[in-house]
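Let's work through some exercises on charged pairs and helix packing. Have the model open beside you and follow each solution step by step.

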Amino acid sequence: MWFARYAQGGGLNDVKRAARERVRLEAVGLFEGSAKNREIAVALRVSERSVERWRRQWRERGREGVRSKGSPGRPRLSSCQMARLERELERGPLAHGWADQRWTLARVKTLIGRLFHVSYTVEGTWRLLKRHGWSWQQPARRAIERDDGAVELWKKEVWPQVKARRRPAEPGSSSRTRPASR
């Protein structure tokens with residue numbers, strides 16, 4: 001059994017990405033020397049499949065074909081874009097065509113797409129906002145119209161009638177047909 005020089009998967013920082021690129025460029029030097037894929041894989045301690053893939057990329061696009069494509073990470077907004085986003089958020093949802101004054105993550109995500117042509121997930125939008133000091137908001141107090149007495153009355157009288165009753169437990173069968181119909 002042998003081990004690869006580096007683990008599979010992403011999440012590399014710039015230093016590790018550069019190290020991987022050096023290994024691929026070292027393989028290119030061996031390609032030019034007519035070395036076999038198996039020999040290259042053993043020499044560089046990588047899989048033969050990786051060497052095959054690098055050789056194909058090298059044939060198709062030369063040295064540039066095996067160079068790093070950069071971080072595959074999610075797009076980030078620049079500081080200027082973030083400042084503009086904050087100004088637009090301060091203007092409120094009504095200014096951007098929504099019918100009420102609630103900023104939801106889905107709306108902020110849509111706004112980012114409209115303004116900067118950058119796609120974030122809802123979760124990514126939340127992380128972006130949190131990273132820049134924004135937080136979710138909760139009303140400080142209850143609505144003036146709320147009638148606590150009516151709520152308690154509803155819980156005692158209406159909810160028990162609406163709530164689905166549990167069926168009594170009976171011996172069951174895993175058969176698709178009823179036992180009586182067999």
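**Exercise 1.** Find the residues that are linked to Glu-21 in a network of salt bridges.

*Solution.* Start with the criterion: a salt bridge is a side-chain nitrogen of Lys or Arg within 4 Å of a carboxyl oxygen of Asp or Glu. In total, the structure holds 10 salt bridges.

Before going on, note that this is a predicted model, where local features need pLDDT of at least 70, side-chain atom pairs count only at pLDDT 80 or more, and totals for chains, interfaces and linings use all residues. Residues are numbered from 1 along each chain as its sequence is written, and side-chain values use heavy atoms, leaving out hydrogens and water.

**Exercise 2.** Describe the salt bridge between Glu-88 and Arg-91 and its setting.

*Solution.* First, take the distance: N to O is 2.7 Å. Next, locate the pair: both residues lie in helix α5 (residues 79-91; helices are DSSP runs of H or I, at least four residues). They are 3 residues apart, about one turn of the helix.

**Exercise 3.** Now try Glu-152 and Lys-155, which form a salt bridge.

*Solution.* Their closest N and O atoms are 3.7 Å apart. Both belong to helix α8 (residues 148-162), with a spacing of 3 residues. Glu-152 is partly exposed at 40% relative accessibility, and Lys-155 is partly exposed at 46%; partly exposed lies between the buried limit and the exposed class, which is over 50%.

Terms used: Helices (H or I, at least four residues) and strands (E, at least two) are DSSP runs, numbered from the N terminus. Buried means under 20% relative accessible area, exposed over 50%, partly exposed in between (1.4 Å probe, protein chains only).
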